[in-house]
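Reader: Hi! I'm new to this one, could you walk me through it?

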Amino acid sequence: MDHDAAKFIGAGLACIGMGATAIGVANVFGQFLTGALRNPSAAGGERNTLFLGFALAEAFGIFSLLIALLLLFVIK
Amino acid sequence: MADSPIEQFEIHQIVPLIKIAGHQISFTNSAAYMLIAVALTAALMLGATAGRRLVPTRMQSVAELSYEFIANMIRSAAGEHGLKFFPLVFSLFMFILFANVVGLIPYTFSVTSQLVITATLALLVFFTVILHGIWQHGLHFFKLFAPSGVPIVILPMIVIIEILSFVARPISHSVRLFANILAGHITLKLVAGFVTAMIGGLGVLGWFAGTLPLAFTVALYALELLVAFLQAYVFAILTCIYLNDSLHPSH
């Protein structure tokens with residue numbers, strides 16, 4: 001296969017990971033909302049954990065984006 | 001066109017200094033922006049609290065709020081003993097926050113989009129955890145890798161997995177911040193490039209069609225500002241959680 005074509009196919013495959021991450025991030029917020037609607041007075045105290053969980057889940061999507069960018073711009 | 005989103009991350013030498021073992025050490029644009037981040041932090045904290053009023057002014061209130069924010073974060077994650085690490089966590093948080101936000105100004109260089117800088121900060125935290133843990137608890141620190149209540153049969157495998165996840169910490173710690181800022185800046189550059197591409201490609205019609213990518217750029221800027229704050233907060237709170245492991249190593 002052509003070297004450049006393989007690079008672009010690899011970058012496209014790496015983006016599938018971002019779709020999976022979207023599910024994970026939405027899961028974090030969804031579970032927070034479920035808990036917050038059951039117990040609204042306790043929801044404010046858990047807001048810090050919410051942002052921490054969001055950033056940790058999003059990190060893996062950013063890792064896969066990093067692989068795609070590496071393939072596109074860094075690999076010669 | 002494929003090359004231009006990456007050119008913003010090039011390092012330019014401003015003042016060449018010395019040569020060590022064939023590598024040119026110089027004062028680069030990266031170093032200049034790191035100095036700007038430190039200078040802004042110092043100006044905020046020192047300048048705002050210079051008046052030391054009992055009823056604070058607005059700027060002094062900002063400085064006090066940021067102090068309390070980090071102090072509460074450390075207390076909740078690492079307990080009261082963790083406050084001895086307050087200078088480290090506060091410096092990390094403020095440096096990363098100001099470096100992220102200053103990097104969003106057009107034509108500036110984003111310091112935290114360089115892996116070597118975020119890796120240095122993450123390794124600083126990693127070695128602080130190990131060295132402080134060994135200094136305070138001796139070899140009992142390594143009980144971190146053997147949680148209590150694990151059956152003897154699977155203990156070797158658990159120890160290996162725990163060690164691997166411990167060593168993976170600085171990697172994920174640094175790459176999370178680096179990749180978030182890098183991806184954000186590349187996306188900004190790309191979408192902003194669409195505005196000029198539309199004008200160039202469609203002529204007069206492009207002036208009207210170009211407002212769509214422009215609006216998207218504005219929304220993306222708001223998202224990047226949120227990411228700047230969030231990534232600084234996540235770096236700081238993960239630092240507190242890792243420091244908690246060195247302060248109280250038994251599970």
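**A walk through chain B**

Author: Let's begin with helix α6 (residues 155–202) of chain B, which has 48 residues. From its first C-alpha to its last it reaches 66 Å, close to the 70 Å expected at 1.5 Å a residue. Keep in mind that this is a predicted model.

Reader: Where does α6(B) bend, and by about how much?
Author: The bend is at Ala168(B) and comes to about 35°. A proline, Pro170(B), follows within four residues.

Reader: And what comes just after α6(B)?
Author: That is Gly203(B), which takes a positive phi of about 70°.

Reader: Let me zoom out. How many helices and strands does chain B have?
Author: Chain B has eight helices and two strands. Reading from the N terminus, the order is α-β-β-α-α-α-α-α-α-α. Along its principal axes, the C-alpha trace of chain B spans about 75 × 55 × 45 Å.

Reader: Now the packing. How do α4 and α8 of chain B cross?
Author: Helix α4 (residues 86–104) and helix α8 (residues 211–247), both of chain B, have axes that come within 9 Å and cross at roughly 165°. That makes α4(B) roughly antiparallel to α8(B). Their crossing is right-handed.

Reader: Which residues meet there?
Author: On the α4(B) side, they include Leu92(B), Phe93(B), Ile96(B) and Asn100(B). In α8(B), Leu225(B), Phe229(B), Ala232(B) and Phe235(B) are among them. By class, the contact of α4(B) with α8(B) has 14 nonpolar, three polar and one charged residues.

Reader: What about α5(B) and α8(B), at what angle do they cross?
Author: The axes of helix α5 (residues 115–137) of chain B and α8(B) cross at roughly 20° and come within 8 Å. That makes α5(B) roughly parallel to α8(B). α5(B) passes α8(B) in a right-handed crossing.

Reader: And which residues of α5(B) meet α8(B)?
Author: They are Val125(B), Val129(B), His132(B) and Gly133(B). Across from them in α8(B) are Thr239(B), Tyr242(B), Leu243(B), Asp245(B) and Ser246(B). This contact of α5(B) with α8(B) divides into four nonpolar, four polar and one charged residues. Thr239(B) also belongs to the part of α8(B) that meets α4(B).

Reader: Back to α4(B). How does α2(B) pack with it?
Author: Helix α2 (residues 29–48) of chain B and α4(B) pack at an angle of about 120°, with their axes 9 Å apart. α2(B) and α4(B) are therefore oblique to each other. The crossing is right-handed. Among the residues making the contact are Tyr33(B), Met34(B) and Ala37(B) of α2(B), along with Phe95(B), Phe98(B) and Val102(B) of α4(B).

Reader: What classes of residue are in the contact of α2(B) with α4(B)?
Author: By class there are 11 nonpolar, one polar and no charged residues.

Reader: Last topic: how many residues of chain A are in contact with chain B?
Author: 10 residues of chain A are in contact with 13 residues of chain B. The residues on the side of chain A that touches chain B divide into 10 nonpolar, no polar and no charged.

Terms used. Residues numbered from 1 in each chain as written. Chains lettered and ligands numbered in written order. Predicted model: local features only at pLDDT ≥ 70, side-chain atom pairs only at ≥ 80, totals over all residues. Axes fitted to C-alpha atoms, helices over the stretch in contact; angles between N-to-C directions. Parallel < 35°, antiparallel > 145°, perpendicular 65-115°, else oblique. Left-handed = near helix turned anticlockwise from the far one by under 90°. Contact = placed C-beta atoms within 7 Å. Nonpolar A, V, L, I, M, F, W, Y, C, P; charged D, E, K, R; others polar. Expected span 1.5 Å × (residues − 1). Bend = angle between axes of the 7 residues up to and from the residue.
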